[in-house]
Number of protein chains: 2
Amino acid sequence: MNFFSSTFKLGILGGGQLGKMLLYDTRKFDIYTSVLDASIDAPCKVACNEFHLGDLMDYDAVYNFGKHVDVLTFEIENVNTDALEALEKEGVKVYPSSKTLRVIQNKAKQKLFYRDHDIPTADFSRFAYSSEILDAIHNGGLEFPFVWKSAQFGYDGTGVKIIRTEADLEGLPNVECIAEDMIPFKNELAVIVARNNQGEVSTYPVVEMEFHPEANQVEYVICPARIDEKVAKKAIDVALKVSKAFNHVGLLAVEMFQTKEDNILVNEVAPRPHNSGHHTIESSYTSQFEQHLRAILNLPLGKTDSKVGGIMVNLVGAEGYTGNVIYQNIEDIMKMPGVTPHIYGKKQTRPFRKMGHVTIVNEDLNEARKIAEEVKNTIKVISQ
Amino acid sequence: MNFFSSTFKLGILGGGQLGKMLLYDTRKFDIYTSVLDASIDAPCKVACNEFHLGDLMDYDAVYNFGKHVDVLTFEIENVNTDALEALEKEGVKVYPSSKTLRVIQNKAKQKLFYRDHDIPTADFSRFAYSSEILDAIHNGGLEFPFVWKSAQFGYDGTGVKIIRTEADLEGLPNVECIAEDMIPFKNELAVIVARNNQGEVSTYPVVEMEFHPEANQVEYVICPARIDEKVAKKAIDVALKVSKAFNHVGLLAVEMFQTKEDNILVNEVAPRPHNSGHHTIESSYTSQFEQHLRAILNLPLGKTDSKVGGIMVNLVGAEGYTGNVIYQNIEDIMKMPGVTPHIYGKKQTRPFRKMGHVTIVNEDLNEARKIAEEVKNTIKVISQ
């Protein structure tokens, strides 16, 4: 299979921002691309060769789309896996595979997978329905506090709640879920692993999420993480173990906790380019998007070293603003050295909506960190 | 004028490879783009918001296209400047300006411009017709050898010929032209200058073209140039002088000779992203394409320092092959560290056709140079 040939077609399920960034790098290699998305306004539309309208959870939509491509990938996990499996049987290369995706789509299955493969993760209990949790508490099988997570369709923090009292259980959807130990962690880390079909593997340096001291919200993704080398090595080893266990092809972003005792626990994974790797566009020899393409097209993987230190700041809609978006002071941040805004092109802002991200690169990571703080204090996503 | 606003429109004249690379970076800032090109198969089609079909030398096509955009730029010099001038009068921001482009479009005017502005350049004579050259030789006003250059429509080496004897004059088109002194140069250098409408100026590091020792063809563009610091400073000063003389807005690539006596002579300029700046995509804090956008949108200019050493190798069609293109051994070069191929997407190759380029980046420029040679010896653009 030669992806430079004029008949080769890469299918991408999902036409959002990640897909759009992936598409930039398909242009570099002149790969013919076809995108399926449910929205006629999908950001990908402007960057792909073919655009098809359809629901990613609909069997027929995914199957009919997929049977016209050579390699199929996705930029979002909420995809009909039965259709992916049917396509695999018919010879379409689906990367990551339907099998991997099925495990990852369900948080309970994902946690069991870690347990079965001896991958360190926080202890948890699994429930068919949230209503069963109360019984477990009353029977002494579960103690406050814990983290409730819906097994299905959790994305970007929805479907997660910290439960400290019985009252916190009220209003939870009565769905399959897990109750997970709360981990008092020192750091939240992530490692992106790439693996191609020949089993060639590479890892990006460990990144660190720096939290706002009060708001408990991730403010900065920092590469490389400012942690002990031994801990970094441990995190990379765990990430590689997860990748191997899944036998996955493509990118796998492994999110982890560094506990107070410097143990590494896997939190969750994403089988695709990931927010924690956006900095690689500017900071790495190979961007995560190019690396994903290399992996799923079974090409040699690119060098994952950093050229310079990189920090990423998410651009989210400011509280109190809903409507046509304005990027206040964007020109001021563009004056700062090594600062690149990435605007996702959503026309409407609302509080906490992800509207873009900003990358700050510098030879000196401490200097980058200072500039990142200036960026954060300067730009504001508001409405007209 | 806010380019993030939903009504802003950037017009690009020319839908070729340079335009395509420029369009990647418009995506980053979510700039709405409209492209005019004469070919229904223009590479830009897949990356712009709007595509219009039309001849760039046709007054009406350019004028009617331009009056619907806010800022108009071009990726190729062969554009109808009367239409640009009319648009400027109606308030469309045309960057670079019609005035700059008129001078650059005509090599005789360009040379006179350097002479008028005290910019060092090789001596030359101007002729209304090539047929007048013989008289000048016979009258003792011109001596062999010299370089004949057609005043108009020279692009990528066409319209240029070295004249050593009277016989070499035979077959030249009888057009407006110049006869220029042959400069026995040590190095061919280039500096890309960016300038926005507020007069903010920045320069990229000097690059060097390394020639094949026998074929006398540029093999590598190397950044930074391996030259004395004093010479580099001189080259940058000359480039800045040219930029100021043109009062230009956007990118200006200034190609220069370093003479045997370490003088700098301007050869020619291009008022747009340029082959000598392709390496910046991977090696620089700000790619030349992003910098061009920043300049013409009157945004703060980006940092032009190199993150790492960069070398660019052009991918041209091999001799003896015409037809559906194959990139032989492309996977082998993708195994080499820091190597990124850029495939332009032309389906047909022919001898010496520019089909793409490859960038090699490395912290150590000597190491990059070694890898670049391996790249050059490995990949071959052939046909099926």
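Chain A and chain B bury about 3600 Å² between them, 60% of it on carbon and sulfur atoms. Buried area is the accessible area (1.4 Å probe) lost by two parts on being put together, summed over both. The model is predicted: local features need pLDDT of at least 70, side-chain atom pairs count only at pLDDT 80 or more, and totals for chains, interfaces and linings use all residues. Residues are numbered from 1 along each chain as its sequence is written, chains are lettered from A in the order in which they are written, and side-chain values use heavy atoms, with hydrogens and water left out.

In the interface, 39 residues of chain A are in contact with 39 residues of chain B (heavy atoms within 4.5 Å). The rule finds 2 salt bridges across it (a side-chain nitrogen of Lys or Arg within 4 Å of a carboxyl oxygen of Asp or Glu). Lys347(B) pairs in a salt bridge with Asp30(A), with the closest N and O atoms 3.0 Å apart.

E18(A) gives the most, with 5 residues.

A rotation of 180 degrees, with 0.0 Å of shift along its axis, superposes chain A on chain B (RMSD 0.0 Å). Of the residues of chain A, Ala47(A) comes closest to the rotation axis, at 2.5 Å (C-alpha). The same surface serves both copies: 100% of the contact residues of chain A recur in chain B.

How values were computed
Helices (H or I, at least four residues) and strands (E, at least two) are DSSP runs, numbered from the N terminus. Copies are superposed by least squares on the C-alpha atoms of residues with pLDDT of at least 70 in both.
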